[in-house]
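Here is a short briefing to read with the model open in your viewer.

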Amino acid sequence: MENPRRAAVAALIKQEQDGYANLVLRHALDGFTGTARDRVFLSAVFYGTVERMVTLDHILQKFLQKPLVKLDASVRAILRSGLYQARYLKSVPVRAAISESVTLTRQMGKSSAAGLVNAVLRRAAAYDLTVEHYSNETERLCVEYSVSPQIAGLLQTRCPDQCEDILKASFTPPPLCVRVNTLQTDIGALEEEFARQGMATRRGAVPDSLYVECRGDVTALKLFKQGLFHVQGEASQLACAALSPRPGDTVLDLCAAPGGKSATLAQYMENKGTLVSCDAAQNRLTLVGGALERLGVACGRVLHNDAAVYNEAFAGADAVLCDVPCSGLGVLAKKPDIRQKTLDGLDGLVRLQRAILETAARYVRPGGRLVYSTCTLNPDENAGIVRPFLKEHPEFRTRSVECVLPGTTKDDDFLTLYPFRTGTDGFFIASLERL
Ligand SMILES: C[S@@+](CC[C@H](N)C(=O)[O-])C[C@H]1O[C@@H](n2cnc3c(N)ncnc32)[C@H](O)[C@@H]1O
């Protein structure tokens, strides 16, 4: 029988090299032959360890002679996952977390480190973090909320009033929300289908959004395979509602992969008109095509295109969505690897966001609509992009978004969704129209 702890450690080693926790976990689960219970345990240990890594490393380092980063990669992963289990997983007794880690060290051919793993984990598991003396406030935020110094520093300086609330909420992922595929069914019928399968649902504030109580993998359900819904948070659905494309429109989704918003836009279009879904990452376009096909979207075309470079074929669009690449600080709770980001290249990202918005604006016909959205709470990537754009482009003005989720912050018609207020992903939406 496969050992889920060992599989989690292997995934942690891979994650250090590859970065994307969701992809690494999916790969680990695909190759795992253990029981359903062990799959849940593997996922919990892997995701939890990545989520708490900054805190775990801070504690582990106190009991190590040399820097943690200089240790053998498997020993480092064993220490991190062992300490995570000991400190955070209530279902695992501390003694078991330590002894299983020592056994694993031997099984993975690192017997010479077994003594170190045992000694370090014993002391680290018992360490009282509540009496810690931090050298400054940034360090406290990093260790308490397990984020990089760059993320803590950015939130402190750019969101001083919300910083701690954002970080506190970053351990609570939003509940599972799906988007009813109105091309194939309606919300009442889908509610009944879920109920028939013993899953409770409740409607969200955005029309056709549905919260589902599903313990397992919702994408493994037949209802998903039949194309009756896709997984999409309410914040993302609100961005599509803000663009509100109509049947017959020509719509551009300039940063479309993996395709969630394109699918929702096609529903607003009732499958009539032309939806062009583009992305600069060629290898992600198959995800878009696959999603649109599963959901029965017939009005869509998938195209490899750089949104920062003008493409004359796109001129005259009725509605354009720029769901730009961003620092992702609104989705820390869902994507734990973002916590460790050093934010290198943030200046370049901001320049790219500005260039995408400028280029997108040129495609919008007079009277047409433009939505700029991100899943970050960094104002420099949000209002900091759209405000100067509006100053330089008097031919654009903001549009008020009709459906506002409870708790949404509205500033100059720009919407900011703070997870601690809305219970959704952190999100920014600016809805504009061309005069
Ligand atoms: C936030 S994600 C989009 C999510 C997507 N809208 C959805 O709802 O499924 C940002 C996307 O922008 C793409 N991207 C990055 N740079 C780009 C560029 N210069 N032009 C077009 N797409 C770009 C990335 O590959 C990524 O897929």
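At what angle do α6 and helix α7 pack, and how far apart are their axes? They pack at about 160°, and the axes are 9 Å apart. Please keep in mind that this is a predicted model.

**Helix α6 with helix α7**
- Helix α7 covers residues 114-126, and because an angle over 145° counts as roughly antiparallel, α6 is roughly antiparallel to α7.
- The two helices, α6 and α7, cross in a right-handed sense.
- On the α6 side, the contact is made by Val94, Ile98, Ser101, Val102, Thr105 and Arg106.
- On the α7 side, the partners are Ala114, Val117, Asn118, Leu121, Arg122 and Ala125.
- Sorted by class, this contact of α6 with α7 has seven nonpolar, three polar and two charged residues.

**Helix α5 with helix α6**
- Helix α5 spans residues 73-88 and helix α6 spans residues 94-107; their axes come within 8 Å and cross at roughly 165°.
- That crossing angle makes α5 roughly antiparallel to α6.
- The handedness of the α5 and α6 crossing is right-handed.
- From α5, the residues Ile78, Gly82, Gln85 and Ala86 meet Val94, Ala97, Ser101, Leu104 and Thr105 of α6.
- Five nonpolar and four polar residues make up the contact of α5 with α6, with no charged residues.

**Helix α13 with helix α14**
- Helix α13 (residues 234-243) packs with helix α14 (residues 260-268) at an angle of about 40°, their axes being 9 Å apart.
- α13 and α14 are therefore oblique to each other.
- The crossing in which α13 passes α14 is right-handed.
- Ser236, Ala239, Cys240, Ala241 and Leu243 of α13 make this contact with Lys261, Thr264, Leu265 and Tyr268 of α14.
- The classes in the contact of α13 with α14 are six nonpolar, two polar and one charged.

**Around the ligand**
- How many residues surround the ligand? There are 19, and the closest are Cys255, Asp279, Asp306, Ala307 and Asp323.
- A side-chain N or O atom of aspartate 306 is 2.9 Å from a nitrogen atom of the ligand.
- Glycine 260 places a backbone N or O atom 3.0 Å from a ligand oxygen atom.
- Proline 258 has a polar backbone atom 3.4 Å from an oxygen atom of the ligand.

**Backbone details to look at**
- Proline 258 sits in the loop between β5 (250-253) and α14.
- Leucine 343 is not a glycine, yet it has a positive phi of about 60°.
- You can find leucine 343 in the loop between β8 (317-323) and α16 (346-361).

Conventions
Residues are numbered from 1 along each chain as its sequence is written. This is a predicted model: local features need pLDDT of at least 70, side-chain atom pairs count only at pLDDT 80 or more; totals for chains, interfaces and linings use all residues. Side-chain values use heavy atoms; hydrogens and water are left out. Axes are lines fitted to C-alpha atoms, for helices over the stretch in contact, and angles run from 0 to 180 degrees between N-to-C directions. Helices (H or I, at least four residues) and strands (E, at least two) are DSSP runs, numbered from the N terminus. Angles under 35 degrees count as roughly parallel, over 145 as roughly antiparallel, 65 to 115 as roughly perpendicular and the rest as oblique. A crossing is left-handed if the near helix is turned anticlockwise from the far one by less than a right angle, and right-handed if clockwise. Contact means heavy atoms within 4.5 Å. Ala, Val, Leu, Ile, Met, Phe, Trp, Tyr, Cys and Pro count as nonpolar, Asp, Glu, Lys and Arg as charged, and the others, Gly among them, as polar. A residue is near a molecule or strand if one of its heavy atoms lies within 4 Å of it. A polar contact is a pair of N or O atoms within 3.5 Å; within protein, one must be able to donate a hydrogen and the other to accept it, and residues adjacent in sequence count only if both atoms are side-chain atoms.
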